[in-house]
Amino acid sequence: MSTRGLPAGLEHVRTTDVFDNTTVPAGLLRAHRVADGVWGNLVVHSGVVVFVFDDDPDHPVTVGSGHSVAIPPARQHHLELDRPATFAVEFHRVPTASAPAIGTESSAFDPGSGDRDGRDG
């Protein structure tokens, strides 16, 4: 599996549940950011997910099964699901950064909802 762009030396914090087109949290489909000091890694298990950095919308990244894309801290982005897919998001932190509370790794997940796995109610 490819993890292009993920810096060496990061510590794994957690991995979300595996999502599909019907279980994807709505927040992942709209503009959001990974927390400061935290890197995300979108891992596609099956199908294709289109990943878009919102500051570069003309260059979407098509991520196929068995591949991943690194998501730097604080860079706004969103996902597009035009075809069936399954995927998860890994969260890694810089060792000197404090570990984020579960559910606060990304602004796509609402920590106030009480739903810590990132799924919409």
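Is D55 buried or exposed?

1. The model under discussion is a predicted one. At 55% relative accessibility, D55 counts as exposed, because the threshold for that class is over 50%. D55 also takes part in a salt bridge with R75, in which the closest N and O atoms are 2.9 Å apart. D55 belongs to the loop between β3 and β4, whereas R75 belongs to the loop between β5 and β6, so the contact ties together parts that are 20 residues apart in sequence. R75 itself, with a relative accessible area of 27%, is partly exposed.

2. A search of the whole structure gives two salt bridges, and the pair formed by R93 and E11 is one of them, with an N to O distance of 2.8 Å. Since R93 sits in strand β7 and E11 in strand β1, this pair ties together parts that are 82 residues apart in sequence. The accessibilities of the two partners deserve a look: R93 counts as buried at 16%, while E11 is partly exposed, its relative accessible area being 34%.

3. Strand β3 calls for a point of its own. Of its 16 residues, 13 are buried, so that the strand is mostly covered. β3 pairs with β7 in the antiparallel sense over nine bridges, and within that pairing S46 has T86 of β7 as its bridge partner. An antiparallel pairing with β5 runs over four bridges, where the partner of N41 is A70.

4. The pairings of β3 continue with two further strands. Four bridges join β3 to β4, residues 61-64, in an antiparallel arrangement, and V48 stands opposite G64 there. Four bridges likewise join β3 to β6, again antiparallel, with V52 standing opposite H78.

5. Which residues have the most contacts inside the largest nonpolar core? They are L28, L42, V49, F51, L79 and F87, in a core of 20 residues. The elements giving two or more residues to this core are β3 (38-53), β5 (68-71) and β7 (85-93), and the largest share, six residues, comes from β3.

6. L42 may be examined in more detail. When its neighbours within four places in sequence are left aside, the residues in contact with L42 include V49, F51, L79 and F87, which are also listed among those with the most contacts inside the core.

7. The structure holds one cavity of 30 Å³ or more, and the volume of the largest cavity is about 60 Å³. Its lining is made up of L28, H32, V34, L42, F51, I71, H77, L79, V89, F91 and S106. Two or more lining residues come from each of β3, β6 and β7. A reader comparing this with the core will find L28, L42, F51 and L79 in the lining, and these residues are also named among those with the most contacts inside the largest nonpolar core.

8. Most residues other than glycine have a negative phi, whereas A74, although not a glycine, has a positive phi of about 65 degrees. A74 is placed in the loop between β5 and β6 (77-80), which is also the loop that holds R75, the salt-bridge partner of D55. With a relative accessible area of 29%, A74 is partly exposed.

9. A last point concerns P7, which is found in the segment before β1 (11-15). The C-alpha atoms of P7 and P72 are separated by 9.4 Å, although the two residues are 65 residues apart along the chain. P7 counts as partly exposed, at 32% relative accessibility.

Key: Residues are numbered from 1 along each chain as its sequence is written. This is a predicted model: local features need pLDDT of at least 70, side-chain atom pairs count only at pLDDT 80 or more; totals for chains, interfaces and linings use all residues. Side-chain values use heavy atoms; hydrogens and water are left out. A nonpolar core is a set of buried Ala, Val, Leu, Ile, Met, Phe, Trp, Tyr and Cys residues joined through side-chain atoms within 4.5 Å. Buried means under 20% relative accessible area, exposed over 50%, partly exposed in between (1.4 Å probe, protein chains only). Contact means heavy atoms within 4.5 Å. Two strands pair if DSSP finds at least two bridges between them. A salt bridge is a side-chain nitrogen of Lys or Arg within 4 Å of a carboxyl oxygen of Asp or Glu. On a 1 Å grid over the protein atoms alone, a cavity is a set of points where a 1.4 Å probe fits but cannot get out, and a pocket is an open set with protein on both sides within 12 Å along at least five of seven lines; lining residues have an atom within 4 Å of a point. Grid points are joined across faces, edges and corners, and a volume is the space filled by probe spheres set on the points.
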